[in-house]
Amino acid sequence: LVNNLNDGMSLGIFPVFFAAFGLGVERIGILKAVYPATWGILQVATGPLSDRWGRKGLIVAGMWVQAAGLLLTALTRHFEYWFIGSLLLGVGTAMVYPSLIAAVSDASHPTWRARSLSVYRFWRDLGYAIGALFAGIIADILGMSWAIAIIAALTFWSGALVALLMRERSHASGDRL
């Protein structure tokens, strides 16, 4: 949910945030395209990496990389930094996205795997709407920078929870750790 919370927030807040600092449509489009392009390209590599390295490390590190990208965006006022923030958001999402779905699959017995993945997808995709609404409410009350920074904090906290609570499962041999 938190991973897609970032996406929902970025869809609603980023264009308005960047425009408020004088960016034109072309540069806003570049910043908005960098994130999904980076994510889409890199997840081709990070998915198989999660089979070799494990899911937990990529999920935790990916959430923290996303948080860093969001915080950089919230705290700076220049295109170049926002570009790096968008790259970090894409790198972090590429680390998290395929690893999360693989982790759910790892934890699911084949007889109920389809159901567990559908429940996971429901909660994951609910993050789009929650992210847009939550960020919009925060932006109305505290401002757009605060909305981005608070979502960054939630993202970091989510990674910390995974670091503390997730049990890594062995996927290579099928054994449970």
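Is Pro 110 buried or exposed? Pro 110 is exposed, because its relative accessible area is 57%; here buried means under 20%, exposed over 50% and partly exposed in between, with a 1.4 Å probe and protein chains only. Bear in mind that this is a predicted model, where local features need pLDDT of at least 70 and side-chain atom pairs count only at pLDDT 80 or more, while totals for chains, interfaces and linings use all residues. Residues are numbered from 1 along each chain as its sequence is written, and side-chain values use heavy atoms, with hydrogens and water left out.

Pro 110 sits in the loop between helix 4 and helix 5. Helices are DSSP runs (H or I, at least four residues), numbered from the N terminus.

Now for the inside. A nonpolar core is a set of buried Ala, Val, Leu, Ile, Met, Phe, Trp, Tyr and Cys residues joined through side-chain atoms within 4.5 Å. The largest one has 26 residues, and Phe 18 is among those with the most contacts inside it.

Helix 1 gives the largest share, six residues. Leaving aside neighbours within four places in sequence, Phe 18 is in contact (heavy atoms within 4.5 Å) with Leu 23, Ile 28, Leu 31, Thr 73 and Trp 82.

Methods: Helices (H or I, at least four residues) and strands (E, at least two) are DSSP runs, numbered from the N terminus.
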